[in-house]
Amino acid sequence: MINGKLKSQVDKLWEEFWTGGITNPLTVIEQISFLMFARLLDLNESRNEKMAQKANTTFKPIFGKDKQHLRWSNFKNLDADSMLKVLRDQVFPFFKTDPASSEAAIFGNFMADAQLMIQKPSLLVSAVNMIDNLPLTEGDTKGDLYEYLLSKLTTAGINGQFRTPRHIIRLMVEMLEPRPNESVADPACGTAGFLVETMQYLQRKYTSREGIFVDDDGTKHYSGDLLEAYRDHIQKAMFRGFDFDVTMLRIAAMNMMLHGVEKPEIRYQDTLSNSFMDKYPELSANAFDVVLANPPFTGSLDAGDVHASLIGKVKTKKTELLFVSLILRLLKQGGRSATIVPDGVLFGSSKAHLALRRMLH
């Protein structure tokens, strides 16, 4: 978790939005996420270009020659009024364009109904300057920042949206040892922490000594050069994430893209609902080698909204039991899962608890 100077910087940034008239916590997080994405995309562009030069491979830029003014490093130096116009009228629409026209535009799938809520030029300049000073390239800072931002949500807990601590995510991924030819899912992905860590695990494990790049501040970056034979599978079929919170989906898509998955398969879907099997029949049963999850275990659901295949095996409205039943259905024969559950799943004495434990055995 962040503390000290960085915590003070984030608190000050939050206050700037509040005093600038943006007081909805979800809106603040969404706007900060967009600005962080713009900066990280620029940083990644520069880093990937250097890595391509070092490895003598082809560099495919996100920002073409006519789009250089849309990069963070360029628009951050504009005066307040010009910055607002460029961001609102050019940068923001850039992420909403046809995905076929730009790698970055895949983010547009999750921004179709998004709006730039920052209308005051002075607030935008202040936010850009503060985000420009955040150490976003250092270790797990991005994840820690999200965790801290989410902790500020006064509505947190309504849908169980709490980030899993980074070290727990890493431990769970390392326990399952996912392989680059497998399929991985999170049925309640939130900010896609499990999927991102899986990608990072693969990059660490499948990088040659020559493929390790150390930047100016000493941070190691793993090119994943030994994953080349699996690249198409990783980009198109390996990862699947589902959630029913649009803001979380935007953050998840951004997170995946910035960790090497150019077209993340992150979908708006309540995976316990009746519509899951109808919309995604090929993904809703016997589909994945690995499932990682920390589902929203809060309260009960309307039994009428839950798919009959789940209720039929475990007659309950409790989400903690239904999600475990769902995960068992999602796994292929011989598949494996690491899932965070309340202790009641292991020790509850109701018929539903007992039925689920018999399924697990």
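**Exercises on salt bridges**

At 6% relative accessibility, Glu-182 counts as buried (under 20% relative accessible area; exposed is over 50%, partly exposed in between; 1.4 Å probe, protein chains only). This is a predicted model, with residues numbered from 1 along each chain as its sequence is written. Local features need pLDDT of at least 70 and side-chain atom pairs 80 or more, while totals for chains, interfaces and linings use all residues; side-chain values use heavy atoms, leaving out hydrogens and water.

**Exercise 1.** Find the salt-bridge partner of Glu-182 and say where both residues lie.

*Solution.* Step 1: look for a salt bridge (Lys or Arg side-chain nitrogen within 4 Å of an Asp or Glu carboxyl oxygen). Glu-182 meets Arg-336 at 2.8 Å, N to O. Step 2: Glu-182 sits in the loop between helix H7 (166-176) and strand E1 (184-186), and Arg-336 in strand E7, so this pair ties together parts 154 residues apart in sequence. Helices (H or I, at least four residues) and strands (E, at least two) are DSSP runs, numbered from the N terminus.

**Exercise 2.** Describe the salt bridge between Asp-289 and Lys-332.

*Solution.* Step 1: the closest N and O atoms of Asp-289 and Lys-332 are 3.5 Å apart. Step 2: Asp-289 belongs to strand E6 (residues 288-293) and Lys-332 to strand E7, so the pair joins parts 43 residues apart in sequence. Step 3: Asp-289 is buried at 16% relative accessibility, whereas Lys-332 is partly exposed at 34%.

**Exercise 3.** Which parts of the chain does the pair Asp-132 and Lys-76 link?

*Solution.* Step 1: their closest N and O atoms are 3.1 Å apart. Step 2: Asp-132 is in helix H5 (residues 121-132), while Lys-76 is in the loop between helix H3 (72-75) and helix H4 (80-94), 56 residues apart. Step 3: Asp-132 is partly exposed at 23%, and Lys-76 is partly exposed at 27%.
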